[in-house]
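Welcome, and thanks for taking a look. Please open the model below, and we will walk through a few of its features together.

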Amino acid sequence: MKAVVTVIGKDQKGIIAKVSNILFENDVNILDISQTIMQDMFTMIMLVNMESDKVSFKELSQMLEKTGEEMGLSIHMQREEIFTSMHRI
Amino acid sequence: MINPFEVIETIKMIDEENLDIRTITMGISLKSCAGPDIDTVCEKVYNKITTYAKNLVKTGEDIEAQFGIPIINKRISVTPIATLVDALEEPTVEKCVKIAKTLDRAAKTTGVNFIGGYTALVHKDYTKGERILIESIPEALASTDLVCSSVNVGSTRAGINMDAVKQMGQVIKKAAELTVDTQGFACAKLVVFCNAVEDNPFMAGAFLGEGEGECVINVGVSGPGVVKCALEKVKGEDFGVVAETIKKTAFKITRMGQLVAQEASKRLNVPFGIVDLSLAPTPAVGDSVAYILEEMGLEMCGTHGTTAALALLNDAVKKGGIMASGYVGGLSGAFIPVSEDAGMIAAAKDGVLTLEKLEAMTCVCSVGLDMIVIPGDTSAETISAIIADEAAIGMVNTKTTAVRVIPAPGMVEGDVVEFGGLLGTGPVMPVKKYSSAEFINRGGRIPAPLQSLKN
């Protein structure tokens, strides 16, 4: 299944490094990344392939959230369908 | 790749604007549990509910974790229990209460937060079992925690059963008296309907109707905060723009409901029934239907213009939502439960929002007089008369209306009752001092209106 990882918060060094490292360690492949500054906030959106044997969706999601808290960022991981169903007919 | 602006919009709706799925409700038919012996019936009811709904709460939580959308309630609705009571050998109030306690126990085992369907449909007349079930409602609600009850006393097709209306006034009074310690909390779990719907996922009025199948998943969405925030961006624009903005927002909200309903249905291997296109408030600041109306330009909810604003809102929610879901049903529209809506609580405390204005508002929105605290010394006949008025609105306008009032024991106008949680805070609202007793005591049935003759 595909999932979207979003990172929102104050720009700082090492955001991509940290997040992608967690994904790498858990065997999760990154399919696409985009990042931009939106309303003065650093915003990174990653599309990942969540077919890891190492970790469950919930565990990974909690790991990312925790890292986010440590860095003062808001990090979410959600199934891709929530975005496609809301914004696409 | 997904558009980043859309991703951020969705996340903002959830994080900041209180977007959530209000409820996943599993409807379970109990028709197969009917029988003459009460103990056997209770055993069958318990086993069936706990088997069918075994994974309901866990599935809800899993979906919540994976999609990142909060699912506030997981609930169960069942076949009107009066059907089981009618099949019993020598039904009694005690036996009815025993079934209620069984439902409560089953609900607790499955981990849901409410079970609805302690219900009788008596819009034309009573059966023996229905009469006994209604009689048992106060005790059933007072002696259980999670059981919700509803009674349908009227319909456009049948007219209004005024005997039932009279009885429900007494039932509500008694339910309040039996739960003095909690300011009449039992009444918060009891709804009196006209034109009740069979697939409503919302409490306290959910039950699984006669025409429904063995098991079904119905979903109720929410999101007043999202609509309010969307309207903030179109300040001063004309009503065409307002309606269009609400429609677009309702579409997005409903798509969430559709997605969650489909996913829950697939995972539980239970057919998907309907999505209820609803705007259901919570007492949380920013999750209020009243604030939407105020955003449209009213200084306070309840002032002149409120009914028009609500009519526009209700219609736009349906128009936006209907394309987002394959099957729409339930009550579908804006809810106006006074104690559950921060803006309405404030307006009621201020005296701007009155019972009369709420009655007018129920003509143009999805339900009726909901979660309204009235003085503890209000007579049973006055409560019946409030029900009759509301049922008449439903009957004539071919819509669902309901009454959920709480005559809080010992409370007078100006007092405030704290229910806590989703049920919120209820300022005691005044009722008319003049008697309706002679009117209510006539009994019989108000004939079905001309609107019923559609064939």
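In what order do the four strands of the open sheet in chain A lie? The order is β2-β3-β1-β4, with antiparallel pairing. Keep in mind as you read on that this is a predicted model.

**Confidence**

- The predictor assigns the complex an ipTM of 0.88 and a pTM of 0.93.
- For chain B, the mean pLDDT is 95, and 100% of the residues reach 70 or more.

**The sheet of chain A and its helices**

- The open sheet has four strands in antiparallel pairing; its edge strands are β2 (29–38) and β4 (73–79) of chain A, each of which pairs on one side only.
- From one strand to the next, the twist averages 15°.
- Nine bridges join β2(A) to strand β3 (residues 41–49) of chain A in the antiparallel sense.
- Helix α1 (residues 15–25) of chain A lies across β1 (2–9), β2, β3 and β4 of chain A, and runs at about 20° to β3(A).
- Helix α2 (residues 57–71) of chain A packs on the sheet too, where it touches β1 and β4 of chain A. The direction of this helix makes about 165° with that of β4(A).

**Where the chains meet**

- Chain B brings 17 residues to the contact and chain A brings 21 residues.
- On the side of chain B that touches chain A, the elements giving two or more residues are α1 (4–15), α3 (56–67) and α9 (239–268) of chain B.
- Which of these elements gives the most to that side? It is α1(B), with six residues.
- By class, the side of chain B that touches chain A divides into eleven nonpolar, three polar and three charged residues.

- Helix α2 (residues 38–52) of chain B and helix α5 (residues 93–110) of chain B have axes that come within 9 Å and cross at roughly 20°. That angle makes α2(B) roughly parallel to α5(B), and their crossing is right-handed.
- From α2(B), the contact uses B:I38, B:V41, B:C42, B:V45, B:Y46, B:I49 and B:T50. They meet B:K95, B:K98, B:I99, B:T102, B:L103, B:R105, B:A106, B:T109 and B:T110 in α5(B).
- The residues of this contact of α2(B) with α5(B) are nine nonpolar, four polar and three charged.
- The axes of α5(B) and helix α6 (residues 128–142) of chain B come within 8 Å and cross at roughly 55°. α5(B) and α6(B) are therefore oblique to each other, and α5(B) passes α6(B) in a right-handed crossing.
- Sorted by class, the contact of α5(B) with α6(B) has seven nonpolar, one polar and two charged residues.

**Backbone details of chain B**

- Where is there a cis peptide bond? Look at the bond from B:M203 to B:A204, with omega near 10°. B:A204 is found in the loop between β6 (190–194) and β7 (215–221) of chain B.
- B:S332 is not a glycine, yet has a positive phi of about 40°. You will find B:S332 in strand β9 (residues 328–334) of chain B.

Technical notes. Residues numbered from 1 in each chain as written. Chains lettered and ligands numbered in written order. Predicted model: local features only at pLDDT ≥ 70, side-chain atom pairs only at ≥ 80, totals over all residues. Axes fitted to C-alpha atoms, helices over the stretch in contact; angles between N-to-C directions. Parallel < 35°, antiparallel > 145°, perpendicular 65-115°, else oblique. Left-handed = near helix turned anticlockwise from the far one by under 90°. Contact = placed C-beta atoms within 7 Å. Nonpolar A, V, L, I, M, F, W, Y, C, P; charged D, E, K, R; others polar. pLDDT = per-residue confidence, 0-100. Pairing = 2+ DSSP bridges.
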